[in-house]
Amino acid sequence: MRYLAHISDDKFREQTLKDHLEETAKLAGDFASVFGCKEWGEGCGLFHDLGKYSDSFQKRLHGGPITDHATAGAVELNEKAHNLIGAYCVSGHHSGLLDGGTVGDAGGEATLCGRLRKKVDAYQIYSQEISIPSFPAIPLRPLGKGGFSMSFFIRMLFSCVVDADFLNTEEFMKGKSRCIQYDSIDILFKRLQEYIAPWLNNPDKDTVNGRRTGILKACLEMGPENQGLFQLTVPTGGGKTVSSLAFALRHALEHHLERIIYVIPFTSIIEQNAQVFKEILGRKNVLEHHSNVVCEDPKELQLWQLATENWDSPVVVTTNVQFFESLFANRTSQCRKLHNIANSVIIFDEAQMLPVPYLKPCLQAISELTYNYHSSAVICTATQPSLQPFFPTQLSIREICPDVKGQYEFFRRTTIQNIGELSVDELTGHLLQASQVLCILNSRKRVQRIYEILKEPGTYHLSTFMYPNHRKKILEEIKERLREGLPCRLIATSLVEAGVDFDFPMVYREMAGVDSVIQAAGRCNREGKKERDKCRTVVFTMEKSEDIHIPGELKLPIAVGNEISGEYEDIASLEAISEYFRRLFYYKGESLDQKKIIEQFEQGARSCMYPFASVAKSFHLIENRTKTILIDVKSEAEKIAERIRWGERSRQLLRDAGQYCVNIYEQDFQALNGAGLLEQIEEKESLELYVLRDRGLYTWEKGLTINVSRGEAVIF
């Protein structure tokens, strides 16, 4: 009898290897059965630890040298079962999915071909306890050339195996299985029905509440529709958050789906939406998975940590980065959750913010989930991008919202007016004439200049170079002044365009992409308490200045926005929005998959050699790497910095630190660090953390300011 060994509560405990393999196989089979591949999950789970049958591994249990135990199962699957797909999953169940490599790879190289040629210690004694599994045909309907589809299947199967392995080990260590009690989809839907019941008795279509009720009813009525691809096009003020949840719960209930996943670009929107969902469905049923989560209760923190490992929660609210980077990851920690995306309703909120450089691979992944993994996807936004041409012909998008054009006209709160080019003096003159006004600019440096000119009581500046807790306090102060009718001028970058419930009577927006202009207009007369004609969103261009540089990623949207503004009288019309995205995507062309990720996977269709590790290394939605600065100007932040200096580390501590951090780009980091103004208090590959030596560089009005001898710059 061969054993595994674990250390738990300072006691040496042993589990038979056969039991571990069979229990892992059962779990992996259960997970894979969701997409019709139970035998595949069982077979890979059964073979994942065959190398632990070797004498060298058994000696390792008693202090011997480290030995490879993952290669053996991969070799057996390849040679005895002729299953290269399973070999990927087994060979990488600790180190991560490998690149397939080439036939010329030497034994031991960090590729699948290299691993399959590696010499390993004898393990064949396993055959006395474990039989070679059988693998039926994969019920996969390939899209495109089939290479991307197969690589996606391998990744999903890999997720089943690694999560099963983790959970079985955890169960043995703790002496009991993980048992987090969530409410069923049926119960959650009943809670939603109770919550919305008072709204459903409003038949008057000529009122705001009546229109919202109409959209809500349409979402409920569309719930029983066959699974697939949907879009929900709801203008600002139409009640998109609750209506999308209504569709998702009804759809999940009808088709026996296990969870609802919201994918959202900004943490500010996540926090708002998650709070609404928690109020309706109960706090324990909603998992927020993003960097700003703070858990006050240690027990709640522990449950949160467990749930984030594999998304075993009925409602998950996460970021674009977390969702898509996990789908193209190769590490076990990131891939554990993937099998739980199957059999779900996935809501892509603010879908116009899907990452353009990775648009095609992201949409291909969505296509796989809806076509092969029993999930339904909803493209949800007020400014619907023209995405249908990028989906396979097998998938067509169905609209959920009734009378989209009529809804847009009804919910319009402001008139949009393009007044052409303005000088700095002209713009400040316009802003000074308004008592309450929001001005959004494309350049941080220009935001600084306008703010300095207008600086007086009631004038504010907002940017991502204020730490999150600082921004929250400024936001509340601004909202309070708006509620009380006090003078309030806000100069900001685009960070206020989404997820911030401002209600200004007038908005000035420097020309940008049409979607950005419409998002900005959503901050004007948001509650509809004033007459539309008296609430203007003024679009303008700024006179050129040699020292004002627009980020490269904004230049094409601005250019296309100018084109649309010149050709359409109403750039907020559905026709203008559609044409804007059509041209934007056309001009982007091949750069919609700038790393050629789809092509790399499609090329593996013949040989089953896929670049999992290479793609994972290159797939980053946020390409500009930043450095993290802890601003310890508050006593709470000082204490956090001191704890980190003394070597204390925990997930919660780092999340608490995040509330007082700003991220800066490399050139600005070099300016500060080169002048000796930073102290490094954490140095790891995953996180480098610094604090300011000169606290005077951070002010309540502006946030972090850089003005040092090595490259003068001011950040806002």
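## A first look around this predicted model

N343 is buried, with a relative accessible area of 11%; buried here means under 20% relative accessible area, with a 1.4 Å probe and protein chains only. This is a predicted model, where local features need pLDDT of at least 70, side-chain atom pairs count only at pLDDT 80 or more, and totals for chains, interfaces and linings use all residues. Residues are numbered from 1 along each chain as its sequence is written, and side-chain values use heavy atoms, leaving out hydrogens and water.

N343 sits in the loop between α14 (332-335) and β7 (344-349). Helices (H or I, at least four residues) and strands (E, at least two) are DSSP runs, numbered from the N terminus. N343 isn't a glycine, yet has a positive phi of about 60 degrees. C608 also isn't a glycine, and its phi is positive too, near 60 degrees. Here are the loop residues with their accessibilities:

| Residue | Loop between | Relative accessibility |
|---|---|---|
| C608 | α23 (597-602) and α24 (612-618) | 14% |
| H69 | α3 (55-60) and α4 (71-80) | 13% |

What does H69 touch? Leaving aside residues up to four places away in sequence, H69 touches H48, D49, L50, G51, K52, F57, H93 and H94, where a contact means heavy atoms within 4.5 Å. With H94 there is also a side-chain to side-chain polar contact at 3.0 Å. A polar contact is a pair of N or O atoms within 3.5 Å; within protein, one must be able to donate a hydrogen and the other to accept it, and residues adjacent in sequence count only if both atoms are side-chain atoms.

**Helix α18**

Helix α18 covers residues 444-454, and its buried residues are R446, V447, Q448, I450, Y451 and L454. They pack against α17 (424-432), along with the strands β12 (459-462), β13 (488-492), β14 (506-510) and β15 (536-542). At the start of α18, a side-chain oxygen of S443 comes to within 3.2 Å of the backbone nitrogen of R446.

**The cavity**

How many cavities of 30 Å³ or more does the structure hold? There is one. A cavity is a set of points, on a 1 Å grid over the protein atoms alone, where a 1.4 Å probe fits but cannot get out; lining residues have an atom within 4 Å of a point. The largest cavity has about 260 Å³ of space. Its lining has 15 residues, with T236, F411, R412, R413 and I518 nearest the centre. Helices α16 (404-411) and α20 (514-521) each supply at least two lining residues.

Notes
Buried < 20%, exposed > 50% of the residue type's maximum accessible area, 1.4 Å probe, protein only. 1 Å grid on protein atoms, 1.4 Å probe; cavity = no way out; pocket = protein on both sides within 12 Å on 5 of 7 lines; lining within 4 Å. Points joined across faces, edges and corners; volume = space filled by probe spheres on them.
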